[in-house]
Amino acid sequence: MAKTRAPLDTKEQPGFRGVALFCLFVLYAPILILMIFSFNSGSIVTHWEGVSLHWYGTAIANDDFHSAAKNTMIIAITATIVSTVTATLAAIGMTRVKPWKGLMTAFMVINLPLMVPEIVTAIATLSFFALVAGKLGINLGIGNLIIAHSVFCIPFAYMPIRARLEDMDLTLEQAAADLYATPWHAFRRVTLPLLVPGILSGMALAFIVSFDDFTITQLVAGPGQTTLPLYIWNQIRRPMTPEINAISTILLMVSIIVVAISFLIARKRR
Amino acid sequence: MTNIPAPPDFEAEAHQTAARKNRLLASPAVLIVALFGIVPLLIVLVYSFLAPAPYGGVLWKFSTDAYLNFLFQRDIFSDALEFSPAFLLIYFRSFVFAVVTTVVCLGLGFPTAYFMATRPPAQRNWWVLLITIPFWSNLLVRTLAIMFIIRDEGLINITLMSLHIIDKPITLLYTNFAIVLGLLYSFLPFMVLPLYASLEKLDFRLVEAAYDLYATRRQVLWRIIIPMSMPGIVAGSLLVFIPTLGAYVTPLILGGGTHLMIGDLIAQQFGSGRNWPLGSSQALILMAAVLVALFFYVRATTRGTKNG
């Protein structure tokens, strides 16, 4: 070859950049289009007439939207608290111990909801609550949804907290013990502050998983227990207006904000 | 039970006692999942051997009809069992969709993850954030976004029609194509993230060594990079395959109730079908398929560590 070649970039593979940019385009184009049309002033979902916040006004003024938003927040916040607290305890109880026989079993139990297809969890939970209501006469109302969501959120909260505990430098805790800190003090003053970013990202994941859940909620929810994803589903089955784009955009923004925040926390503390 | 505290050991240091007490900390989470996660699955197992009640729910009467119905249908007049492949076809369709989705996600996801892993660290973080956002975004809303684009009055058809390439809208929505497209779109991030996690740790000195030994780019890719990222490939494939096989939302919205997958079939038995035992047996068959996939995963990963 007569031409001098540029130095070989050993990491480069031909065409990979194109595929990566294509994937980004595929992932974002549909949601961006959905978001753009939420600002459409016309009443036809896919025909652009002009920029307006009209449909956000319509969406927010709707009473059904209010009650769905309220239900969603009650369920998501309670499920987040329950799952984060139990997952934090579990993560500590399963990393700061000598290996014991039940450890693997406990690990598998906690992660079970991740391995079972969501639709199976949904019908199983439905059957469980139907049986409890039928045989014992207990119906917790929205509590059923809170329980179902908490179970599903536990592994999501557990993963980042456990990862954080495993990455943590054990010598810090040992140093605290050498300096006569009681186990509780060592935990309270050394382990817990270091664990905070893990707990926060666990909380964020649990919140999003509950906030966005559709499948389990749809099967388990009783009459009147509409959450935001169920509200959207009910809207799809009617003639569609850009109102649905507006509500969808609100839901997407919540996810994006929570993910971005937890991402920033994770980066800052590292 | 695994949570019985160990008998007191007075000679042990305070530390060890504390460490043993720590075991108990796992019990709330374990109990919640066991009671509200595992017990319901056992109920499904019991339900699958019962008879359906006329308005949903079950009659407490032993029956294997739910499993027989998977392959056979009882003739109304003669009560004889006849082979009926309707459910089997839906399972087969779901399996094909799941395989196609996994393979295409891998084809698109691998180059993407590799490209991400070879960026400078600052850029890498942005890429990870960009892939993580769709990963955690509402599946229903994302499926809806696809529906807006591919329906008859959607952007694709309107654009093609205004360019006079077509004069009638092409039916894309409520087809098999729509479902596979939706599944690809939904689960692509599930492939990219585990692949990235594994490619990020790749030792590029091995790649350089291969080039020093006159390997071509293609050889480096197929003989070095891909074999070394096998754990990520297996994990990503599983993370796409399992939820795709049991997909519910995607076929519900993009299949329009005519192109069913296993997930819709199960939900239907608990809804309008009013046959809970049949739905339970179908759910267990799906679980069995997932367990087979997990078995291959465990085998693949343990073999990988033995060789590496």
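**Figure 1. Separation of the two domains of chain B in the predicted model**. Between domain 1 of chain B and domain 2 of chain B, the C-alpha centres are 37 Å apart. Domain 1 covers residues 1-43 of chain B, and domain 2 covers residues 86-307. The average pLDDT of chain B is 86, and 91% of its residues reach a score of at least 70. Within residues 8-13 of chain B, however, pLDDT remains under 50, and for this stretch the model holds 1 contact beyond four places in sequence.

**Figure 2. The contact between chain B and chain A**. Chain B contributes 82 residues to this contact and chain A contributes 75 residues. On the side of chain B that touches chain A, helix 2 (residues 27-47) of chain B supplies the largest share, namely 15 residues. Sorted by class, the residues on this side of chain B comprise 61 nonpolar, 15 polar and 6 charged. For the complex, the predictor reports an ipTM of 0.87 together with a pTM of 0.88.

**Figure 3. Helix 4 of chain A against helix 2 of chain B**. The axes of helix 4 (residues 103-115) of chain A and helix 2 of chain B come within 9 Å of each other and cross at roughly 50°, so that helix 4 of chain A is oblique to helix 2 of chain B. The crossing in which helix 4 of chain A passes helix 2 of chain B is left-handed. From helix 4 of chain A, the residues A:Ala106, A:Val109, A:Ile110, A:Leu112 and A:Pro113 meet B:Ala29, B:Val30, B:Val33, B:Ala34, B:Gly37 and B:Ile38 of helix 2 of chain B. This contact of helix 4 of chain A with helix 2 of chain B has 10 nonpolar residues and 1 polar residue, with no charged residues.

**Figure 4. Helix 4 of chain B against helix 8 of chain B**. Here the axes of helix 4 (residues 86-117) of chain B and helix 8 (residues 176-200) of chain B come within 7 Å, crossing at roughly 40°. Helix 4 of chain B makes a right-handed crossing as it passes helix 8 of chain B. The residues in the contact of helix 4 of chain B with helix 8 of chain B fall into 22 nonpolar, 3 polar and 1 charged.

Technical notes: Residues are numbered from 1 along each chain as its sequence is written. Chains are lettered from A and ligands numbered from 1 in the order in which they are written. This is a predicted model: local features need pLDDT of at least 70, side-chain atom pairs count only at pLDDT 80 or more; totals for chains, interfaces and linings use all residues. Domain bounds come from an automatic or database domain assignment. Two residues are in contact if their C-beta atoms, placed from the backbone, lie within 7 Å. Helices (H or I, at least four residues) and strands (E, at least two) are DSSP runs, numbered from the N terminus. Ala, Val, Leu, Ile, Met, Phe, Trp, Tyr, Cys and Pro count as nonpolar, Asp, Glu, Lys and Arg as charged, and the others, Gly among them, as polar. pLDDT is the predictor's confidence in each residue, from 0 to 100. Axes are lines fitted to C-alpha atoms, for helices over the stretch in contact, and angles run from 0 to 180 degrees between N-to-C directions. A crossing is left-handed if the near helix is turned anticlockwise from the far one by less than a right angle, and right-handed if clockwise. Angles under 35 degrees count as roughly parallel, over 145 as roughly antiparallel, 65 to 115 as roughly perpendicular and the rest as oblique.
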